[in-house]
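Dear colleague,

Please find below the structure I am handing over to you. My notes on what was found in it follow directly after.

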Amino acid sequence: MNDKYKIDLESLYRQVIMDHYKNPRNKGLVGWPHVHIKNPSCGDDITIEALVEDGVVKKIHHQGTGCSICCSSASVLSETLEGKTVEEANELIEEFFEMVKGKENPNEELEEALVYQGVAKFPARIKCATISWKALQRLLNGDEDE
């Protein structure tokens, strides 16, 4: 990959992350089952809730505070995984975890979540990118908060 293409791609990724940070999709809780996770080491604090019917993730909402990577990732997650079966969502969550750790050729079904590939270069930011995904994974596996 030539350097100009790489720089353009990184710029595009930054734009997508900042768009989701400044204009989050599906933000605001409505009372569905949820999981709350706080990372005290960096201050990221996120709640993910989901409406699951007949084994399909119908809707995902989020609420929280934190860095641009944390908050934008929750927004991207909500758009990427809505409409997937619980099984498909869990598979894509695992794919996301592998991608942010540096896995080559990530699953294209991650759609906009592919913008977080570069997080692998910054190990301290992996938790920021994955906190909302971990919350949804816990929720889909039956571990919900009161």
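Ile 37 stands opposite Ile 46, a residue of strand S2. Strands, like helices, are DSSP runs numbered from the N terminus (E, at least two residues, for a strand; H or I, at least four, for a helix). Strand S1 (residues 34–39) pairs with S2 in the antiparallel sense, over 6 bridges; two strands count as paired if DSSP finds at least two bridges between them. S1 and S2 form a hairpin with 4 residues between them, and in its turn Gly 43 has a positive phi of about 95°.

Please note that this is a predicted model, in which local features need pLDDT of at least 70 and side-chain atom pairs count only at pLDDT 80 or more, whereas totals for chains, interfaces and linings use all residues. Residues are numbered from 1 along each chain as its sequence is written, and side-chain values use heavy atoms, with hydrogens and water left out.

S2 is also joined to strand S3 (residues 56–65), by 9 bridges, and these two strands run antiparallel. Within this pairing, Glu 53 has Val 56 in S3 as its bridge partner. S2 and S3 form a hairpin with 2 residues between them; here the turn residue Asp 54 has a positive phi of about 50°. Of the 10 residues of S2 (residues 44–53), 7 are buried, so the strand is largely enclosed by the rest of the structure. Buried means under 20% relative accessible area, with exposed over 50% and partly exposed in between (1.4 Å probe, protein chains only).

I turn now to the aromatic residues. The structure holds 2 aromatic pairs. Rings of Phe, Tyr and Trp (its six-membered ring) pair if their centres lie within 6.5 Å; planes under 30 degrees apart count as stacked, over 60 as edge-to-face and the rest as tilted. Phe 96 and Tyr 116 form an edge-to-face pair, at 6.0 Å centre to centre and with 70° between the planes. Phe 96 lies in helix H3 (residues 86–100) and Tyr 116 in the loop between H3 and helix H4 (126–140), 20 residues apart. Both Phe 96 and Tyr 116 are buried.

Phe 96 and Trp 133 form a stacked pair, with 3.9 Å centre to centre and 5° between the planes. Because Phe 96 is in helix H3 and Trp 133 in helix H4, this pair ties together parts that are 37 residues apart in sequence. Trp 133 counts as buried, at 0% relative accessibility. Phe 96, Tyr 116 and Trp 133 form one aromatic cluster.

Yours sincerely
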